[in-house]
Every structure is written in C-alpha cells, then in structure tokens.
Amino acid sequence: MSASSVSAAEVRAPRLAASRPGSAQKTPRYAAAPSRLTRWIILGVTGVLFIIPILAMIEFSLRVGQTGTYGFEHYAAIFTAGQAGTYDVLFQGILNSIGICIVTVAIVLVLLLPTMILVELKYPKLRGALEFICIIPITIPSIVLVVGFIPVYSVVARIFGSNAWTLAFAVGIIVLPYAYRPIAANLAAVEVVTLSEAARSLGASWGHVLWRVILPNLRSGILSACFITIAVVLGEYTIASFLSQNTFQTALVLVQHTDPYVAVIFAVFALVFAFILLLVIGRLGSLGRNRRAA
Amino acid sequence: MKTTESRTARAAGKASASLSSSLSSSLSSSAASPLSPREGAAVELRNVVKYYASQRALNGVNLSMAPGEFIALLGPSGCGKTTVLRALSGLESVSEGRIEIDGHDVVNTPVNKRDIGMVFQAYSLFPHMTVTQNVEFGLRMRKVDAAGRRRRASEALDMVGLGAFGDRYAHQLSGGQQQRVALARALVTRPRVLLLDEPLSALDAKVRVQLRDEIRRIQTDLGITTLFVTHDQEEALAVADRVAVMREGNIEQIGTPEDLYTRPATSFVATFIGLSNTLDAELVGSEVQVLNAALPLLGTGPADGAVTAYIRPEDVSFASTGIPATVVASSFLGSLRRTQVRLDSGELLFVQHDVQLRPESGERVHVQLLGRPVAVDARA
C-alpha cells in the first residue's frame, strides 16, 4: 500500500464516522424526542408565561404613586414603616410560617421517613398501601379537608393551645404527596435492602445501618422532600385562613388591602425564595445522579 | 492436600470455644493481619425448616461443615439454597431446627453478632463511601482504632489486588472489582464463616472464572469455613471441597465433586450434575440391560424391572461395529467434541469424543456403550 493511499484512508475515516448515525459528532434523535427547535419553543413559551406575571409584579412594586415614574420607595418603606409597626402582622405571619415549616419538616422526618424506610426494609408488600395513603391528600380539595379539620382542631387547641405552629399537623397531611414522592424515588434508586443486609452482616446495629448507610444514601431525596415541604407551607392559604391563623399568606392578603405594593414585594420575595429552593433541589438531584452513575 | 475427612476429624477434635469468646477475639484482634490464616468454625445445620407463609421452603436441612471447609450449595432456582445461606447468616429466621457455629446454637443470635462475612449477588458496596471506607466499615463497627483500620483495610485490598483503588467510589469500579472489594470487606474482619451468595453471577464469563479461582485461593490461604451458593455446576465443582445438591428444600446429595459426578445418588443428581443420556433399561440383579448391553449397576438400585438408566456421554463411544445411528449435530467444546446421534431405534444419544474426530450431520455411524457402571432409577 502506498503512502498516499494510507493518508487518503486516514482522511476519509473521520468523514465516514461523522456521517454515520449514532457517531460521536451527531446525536441520534429518536421518535419520542423533540427536536432542538421544538424544545426551545416549548421552553420559550413556558418561560414567557412564567416571567410575565413576575415582571408585572416587579414593575408594579417599583411604581411611585400615579406619576408614571419608578423608584425603590416602597422597598424602603418596608423598613421605615416596619420600624413603626405598620407591617407587624406580616412579619408575625412570616415568623409563624417559619415555625410551621420547622414543625412540618419535623413531622416528615420523624413520621413519614422512618415509616417509608421500615416499609421498604420489612414490609415491602405495604408499599402500595402507603403510597395510596400519601397520595390521597392531593385528590381532596383543601376546602374539603378544612371542613374536616375544624372539629379536630377544637381538640388540638385544648391539648396544645391555639398556637400557629399547630397548623403543622394539618399542613403535614397536605404535604404528604409532595414529601413522599422524592423519598420514594430515592429509595427505588438505592438498593436499600441489600445495603442494609451488607451492613448488618458486617456487624452494624440497626441504628448504625440507618445513620451510616441508609440516610446518607437518601440525602438528596430527604432534602428535596424538606424543601418542597417548605415551599408548600409558605404557599398555604386555605387552611390557615379557615382555622383563623396568621401566616405569611393570610398576612399578605390582609396587607394587600392597605398597601398592595408591599404585598406584591413580599410575593416576589416568596417566588424568588421558592425558585432558589427548586434550584437547590435540582442541584442535589444531579449530585446524587452523578455519584450513582456507572 | 487436606481432605474432607481430615477436616471433619479436626472439627471433632477441636475444643469448642464459646461463640461469644470467638466474637470477642475477633473484635479485639486489631493487631492481627487479615491475611494471617485463622481456624474457621465448625458449622452444623440440624433439621432446619423454613416456612414462607404456608410454603415450606426448607424441609429439615442437615449440613455439617468442618472448620476451613469450602462447601458449595448447588441447585436450580427456588430450591432453597439461598434460604439456607440466609438462615445461617441470620438474615432469615428459621421455623424449626438448630444452627450451630462451633457448637453453639445461633438461631436467636442477630446477624450482626454472628461473626460472619458475606458477599452478595447484587453489588452491595456503600455508594457514598470510598473503597477504603467500605472495607473499613466492619472494623469501624468493631471499634478498631483508625490506624488499625487503615492498615488492615490496606492489607485486605492488597489481598484482592486492589490496593491502588482505595480512593475510588463504587461507580468508578467494574463489576468484578466491586465484588473483589466486597470480598475484601467481608474478610477484613476475619470472620469465622464466609457466606457467598452467588457472588459471580452478575459478572462476565472470563472475570467469573478469574474471581472464582481467586476466591478459592484466598479461602485456602485463610482457612475460613465457606458456604458458596451457586446455580452454576461448573463453578461449584471447580472450587468446592464438597458440593451439596439441593432440590425442593432438601439436600439431595452431598459429596466431593467426583462423587457427585461419578456416583450420583438420585436421578435428579445424575441429570443435574453434568450431562446424562436417559435411556429405558431393565434391571436384573446388579446388571442393567440397556441397548443390548449388560452394564454393572452403580450403587444400589430399585427393585428389578423396568428402570431409567443415566449414561454419561463419555461412557459412549464411536466404533466400527455396534449400534447403528445417524449423526444429528456435533458441537466443538474446546478440548473435546460432543456429538448427538439418533439410534435407528429412535433414541437420541450424546457421545463425547476426541476433538480430531469430526462427524458430519447425517453421517451413518456405529456407537457402543463402554462397560462402566450406570446409575438407574425406577421408571415412572
């Protein structure tokens, strides 16, 4: 074989590879996968639908009276008027919501998580029943739940008083479907039974199995469940309103009657906070996937 | 070479130390190397019965393992071999019977107190830990100090040839490497019994053979009593001192690989271990009349009369005269060749022969039975 023919073959080879479907240069597109253009169109339309109300809220919060000018007066007013106690109900609502968040997350971690792990390890046949129970709240409108909660809360108030944090018992039920799903997905991705059996055979007690093996591997699912729980609690209005508790959402509605600008500003803050939570959840999920990727 | 008998005798003569003292010696032996040989434990399963709801998974299994012995549990899927292993490990409770390790009943001892090492079929490395942390896990549970943990984990990884992989995570290893780490992790605590639950079944053929031989080498070096569950007869016959063939919750036969192959106790063992030609025959006293030949009976048989004879392919040969047959197919098996022929009377027969001989499909040949003893079973 001559030198020229060798070099010709070498030159030809990459071009052949590039033209082959499935080669490194061109990712094959399967029937169910949308084209890049379609993906961008979907993303663009969805993004516009989301961003327009947020931009409108921001624009509204920056308006200065009816003059048509913009400024940060309303943002500054939160602090000046806040010092005068004008927005105490709002700040108290935020504090109450944070308290409810903490108790609700505790309910998820102390009740739901151990139950799910126990079912996975010891009673896998009950998995379907547990999933059904956890999904039920999403199928029942909040207003219907509240009607059921009102007599229950007369008992709760007698035992714990009518503090705002007791709302966590009701919200704990509302968040079950959202908290269940990420933990269930994580449990399905990790061979919990095999890992715990391996740890037991190596001399680990059940406490060690839970603390050193199972929980570290469920970290992303647990954190996702917690963040989603926080997002749901911060957005919950119906139950708090009907049970006459002052939370972030009910306070926003109250403040809106007197100062719509501040209500919108806090609504934007809440949206940004929820957006950051979702970004963190996404990041945790990808971390988990990267670690498990073979 | 150590024989099964010598191991059994050693077990009988061995002063039985208490399980708790063996555990404590294991826990406190931080100075000992995981590579140093250690007396394995004698293991005894007596009439072990296991029910899953109303399903009887184990029908009174009896099994004695001498210290340092390597026994393979072999059988088809669902025969109960994994249940036996899990019952011995403590991962599965038993409904009836006794399980003794060094003479002490451990039926009520939890798995984490039994001083066993276990390698699973599924990859079971903790994904959030590095290889070193995985291997150190059992030592950490035994409260071995950090320096001792590091040294012993390093030695154990060297033992399986993965000393340079300590900082990697499970997902950065191949299947074979993961099972080696799992083996190192199981051995680093110097357990008295090693349980292997089909550890090679997820690996490709070449790696499986390499790791199989490596497991045998390490087990021989360390002298750990080992129970190896597999459905692969080649694997079982290649590595075990003795093989227990299981069927429907019972141990059908236990013996050396040679015993099982040449002297199967039942028709199931005869057909399950290796390949057998199944032929109608007549038993007269100690003589089996099959295909116009009279062959000696292997072991004891049923009452005289119609029987089924099990004849190995290597007990049949081609000849210039004999039983006329037509070649159906011929397979090259590396060092030998196996040819299927159809006798003029209709029976199909496998003949194992020299690789140089290459019968063509449709070729007319003659076969003859070599006069070796033959196993029989009463015909259903």
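**Entry 1: a hairpin in chain B**

I started at one residue pair: B:Val284 stands opposite B:Glu287 of strand β12(B). I noted that this is a predicted model, in which local features need pLDDT of at least 70, side-chain atom pairs count only at pLDDT 80 or more, and totals for chains, interfaces and linings use all residues. Residues are numbered from 1 along each chain as its sequence is written, while chains are lettered from A and ligands numbered from 1 in the order in which they are written.

I then looked up what counts as a strand or helix: both are DSSP runs numbered from the N terminus, helices being H or I with at least four residues and strands E with at least two. Two strands pair if DSSP finds at least two bridges between them. With that settled, I found three bridges joining β11 (residues 277-284) of chain B to β12 (residues 287-290) of chain B, and the two run antiparallel. B:Leu283 is part of this too, facing B:Val288 in β12(B).

How many residues lie between β11(B) and β12(B) in their hairpin? I found two, and B:Gly285 in the turn has a positive phi of about 65 degrees.

**Entry 2: the other side of β11(B)**

Next I looked at strand β14 (residues 305-311) of chain B, which is joined to β11(B) by seven bridges and runs antiparallel to it. In that pairing, B:Leu279 has B:Ala309 as its bridge partner.

I also followed the side chains along β11(B), and they alternate. B:Asn277, B:Leu279, B:Ala281 and B:Leu283 point to one face and are buried.

**Entry 3: the whole sheet**

Stepping back, I read the strand order as β13-β12-β11-β14-β20 in chain B, an open sheet of five strands with antiparallel pairing. β13 (293-296) and β20 (375-378) of chain B each have a single partner strand, so one side of each is left without a neighbour in the sheet. The twist averages 40 degrees from one strand to the next.

- B:Asn47 has a phi near 45 degrees, a positive value in a residue other than glycine. B:Asn47 sits in strand β1 (residues 43-52) of chain B, and counts as partly exposed because 13 C-beta neighbours lie inside 10 Å.
- B:Glu248 is not a glycine either, yet has a positive phi of about 50 degrees. B:Glu248 lies in the loop between β9 (242-247) and β10 (250-255) of chain B, and is partly exposed, with 15 other C-beta atoms within 10 Å.

**Entry 4: two helices in chain A**

Two packed helices are described by the angle between their axes and the distance between the axes. I found α4 (residues 88-121) and α11 (residues 219-235) of chain A packed at an angle of about 140 degrees, with axes 9 Å apart. These axes are lines fitted to C-alpha atoms, for helices over the stretch in contact, and angles run from 0 to 180 degrees between N-to-C directions.

Which residues meet here? Among them are A:Ile100, A:Val105 and A:Val108 in α4(A), and A:Ile222, A:Ile230 and A:Val233 in α11(A). Two residues are in contact if their C-beta atoms, placed from the backbone, lie within 7 Å. Ala, Val, Leu, Ile, Met, Phe, Trp, Tyr, Cys and Pro count as nonpolar, Asp, Glu, Lys and Arg as charged, and the others, Gly among them, as polar.

**Entry 5: where the chains touch**

The contact between the chains takes 19 residues from chain A and 20 residues from chain B. On the chain A side, α9 (192-201), α10 (206-217) and α14 (260-292) each give two or more residues. Helix α9(A) gives the largest share, six residues. By class, this side has eight nonpolar, six polar and five charged residues.

**Entry 6: chain totals and confidence**

Chain A has 14 helices and two strands, and 28% of its 294 residues count as buried. Chain B has 10 helices and 20 strands, and 45% of its 380 residues count as buried.

pLDDT is the predictor's confidence in each residue, from 0 to 100. Chain B averages 87, and 89% of the residues score at least 70. Over residues 1-32 of chain B, pLDDT stays under 50. For the complex, the predictor gives an ipTM of 0.80 and a pTM of 0.76.

Notes. Buried ≥ 20, exposed ≤ 12 C-beta atoms within 10 Å, placed from the backbone.
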